[in-house]
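Trainee: Please take me slowly through one part of this structure, and spell out the terms as you go. I'm new to it.

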Amino acid sequence: MAERIALMSEIKVPVLSKSRTVPFLEPGAMAHSKPFPAGPEIQARLGFPDKLVPDWEKVAVNKLGDLVKQSRALRVFLDSCVKCGACTDKCHYFLGTADPKNMPVARQDLLRSVYRRYYTFAGKFFPGLVGARDMTKEVLDDWYSYFHQCSQCRRCSVFCPFGIDTAEISMAARHIMSSVGLGQKYTNEIISKVHNIGNNLGLPEPALADTLASLEEDVKEETGVDVRFPLDIKGAEVLVVTPSADFFAEPHIDGLIGYAKVFHAAGVSWTLSSHASEASNFSMFIGSHSNLQRVAVRIREAAQELGVRRIIVGECGHAWRVAYNYWNTLIGPFDFLDRNYPIPQHICEFTHDLIDRGALRFDKSVNDDKVVTFHDSCNVSRASRMGNHPGGQFTIPRAIIRACCNHFYDMAPETIHEKTFCCGGGGGLLTDDLLELRVKGAAPRMNALRQVVEEHGVNHVAAICAICKSQFAKVLPYYQFPMNMVGSVHGLVSKAIQLGPGIKRV
Ligand code: SF4
Ligand code: SF4
């Protein structure tokens with residue numbers, strides 16, 4: 001497998017158009033797109049074979065059998081497609097690449113055909129009649145390519161009359177591939193760093209402490225106020241777990257500064273943890289339950305060790321999906337936390353509650369240079385919820401933005417809320433070896449952005465997902481937008497929040 005990153009000039013960027021049309025099919029257009037494979041050491045650290053095992057076909061088929069036995073949902077998804085076609089033009093990767101294997105139903109069929117061959121009566125005896133295929137090297141190559149062209153965003157499932165979830169199928173396929181010794185370098189390397197050091201970046205405790213200390217100095221210089229960025233403080237009220245990108249990357253770091261200012265203004269004690277200095281959990285992307293649990297349990301251990309009463313998750317889409325959906329069963333029960341608050345709680349819920357109670361003051365005019373739109377992260381929109389009412393994941397971030405900005409416009413209705421388009425870099429695909437896919441897959445979101453830029457003069461995209469922010473910063477220039485057009489929702493909070501005397505503490 002040739003390991004090479006596409007040059008910017010080699011990527012044919014889709015043309016954005018007023019009437020978004022379904023592209024003419026280009027079979028095989030993205031067959032060449034494959035992520036770098038994980039090396040032997042990385043694979044071994046995750047408990048997977050360090051190279052393709054000799055009898056990998058049999059191992060793959062057996063693993064598929066195990067997965068459908070363990071997950072009734074997966075079996076139903078594989079059994080119930082009626083080929084109605086409703087999902088075909090709903091995937092951003094199909095719309096951006098024109099490759100028919102990026103139609104959700106075609107992607108599902110890559111796994112479904114093998115499932116039928118080995119686990120259904122018709123597939124065993126009449127394979128040709130039901131589209132059943134043997135597990136071969138050609139099939140494995142297709143899996144490696146096209147299951148790494150799915151960001152597990154669940155947009156297709158919104159339009160499927162049976163709610164068939166391609167994300168679950170994609171996770172299962174990646175799990176099988178890792179299990180036969182063919183893992184993806186980017187995701188698996190990151191998971192191994194969390195196992196070893198505690199965060200995606202491999203950032204050790206002294207470096208984290210230094211970073212937080214310099215943030216305290218910066219905020220003091222900016223505001224004259226002693227806003228703390230506490231680390232490993234026993235007895236704090238709240239443990240904050242956030243994506244490690246918040247510690248250093250732009251524009252993520254402005255979000256972390258925003259959280260700190262909100263805690264300061266509210267008078268609520270909080271801490272970060274060097275043991276659990278990462279909210280992200282890439283194990284979900286490869287469908288590995290054991291790694292998912294091994295990464296997540298660090299957060300439980302940190303909460304118990306520090307004696308906190310609440311856990312709040314920072315701006316990270318898939319971390320919130322993992323926390324909201326899995327934590328209670330994976331690493332619960334959280335009987336040592338305060339049940340008067342959501343377990344877990346999102347930072348947006350925390351800030352929004354304070355705004356609702358009049359406990360925060362803002363000067364919106366400081367954000368008057370910005371005309372803002374909001375990008376709904378797939379993981380928050382379609383794979384979790386927020387707040388105590390349906391649709392809270394859509395209304396809460398927008399209410400925060402409106403509380404600290406005067407100029408806000410939503411993108412077109414068919415591209416937001418539960419129909420939001422993925423940024424193009426989610427699901428473990430935020431790696432430069434998949435840059436062509438990321439650029440092309442961003443096209444539907446960029447098209448919706450172009451519309452509000454032209455109609456309302458939007459010049460700022462706020463997001464609550466670390467991956468979305470990084471992906472936007474990378475792909476915006478390909479579409480002639482400035483890379484600094486993207487920011488954190490709590491970056492807007494950070495600018496507008498009023499600190500100091502007169503703050504009503506809660
Ligand atoms: S889950 Fe998202 S990325 Fe995957 S096939 Fe469906 S729409 Fe495409
Ligand atoms: S919408 Fe659902 S049932 Fe229809 S083709 Fe797609 S996956 Fe199959």
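Mentor: Happy to! Strands (E, at least two residues) and helices (H or I, at least four residues) are DSSP runs, numbered from the N terminus, and two strands pair if DSSP finds at least two bridges between them. What you see is a predicted model, in which local features need pLDDT of at least 70 and side-chain atom pairs count only at pLDDT 80 or more, while totals for chains, interfaces and linings use all residues. Residues are numbered from 1 along each chain as its sequence is written, chains are lettered from A and ligands numbered from 1 in the order in which they are written, and side-chain values use heavy atoms, leaving out hydrogens and water.

Let's look at strand β1, residues 238-241. In a regular strand, side chains alternate between the two faces of the sheet. On β1, Val238 and Val240 lie on one side, with Leu239 and Val241 on the other, and all four are buried. Buried here means under 20% relative accessible area, exposed means over 50%, and partly exposed is in between, with a 1.4 Å probe and protein chains only. Both faces of β1 are therefore covered.

Now for the neighbours of β1. Strand β3 (residues 310-313) runs parallel to β1, joined to it by four bridges, and Leu239 stands opposite Ile311 there. Strand β2 (residues 270-271) is also parallel to β1, with two bridges joining them. In β2, the residue opposite Leu239 is Thr271. To get from β1 to β2, the chain passes through helix α12 (residues 252-266), making a right-handed β-α-β crossover. Right-handed means that, with the strands pointing away from the viewer, the path from the first strand over the helix to the second runs clockwise.

Next, follow the loop between α11 and β1, where Glu237 lies. Glu237 forms a salt bridge with Arg309, with their closest N and O atoms 2.8 Å apart; the term means a side-chain nitrogen of Lys or Arg within 4 Å of a carboxyl oxygen of Asp or Glu. Because Arg309 sits in the loop between α13 (289-306) and β3, this pair ties together parts that are 72 residues apart in sequence. Glu237 is buried, at 17% relative accessible area, whereas Arg309 is partly exposed, at 40%.

Arg309 has another partner: its side chain meets that of Asp338 in a salt bridge, 2.5 Å from N to O. This pair links distant parts of the chain, 29 residues apart, with Asp338 in the loop between α14 (317-330) and β4 (345-346). Asp338 is buried, with a relative accessible area of 12%. Through shared partners, salt bridges join Glu237, Arg309, Arg310 and Asp338 into one network.

For context, the structure holds 24 salt bridges. Another one of them joins Asp109 and Lys83, at 3.2 Å from N to O. Asp109 belongs to helix α5 and Lys83 to the loop between α3 (72-79) and α4, 26 residues apart. At 24% relative accessibility, Asp109 is partly exposed, and so is Lys83, at 43%.
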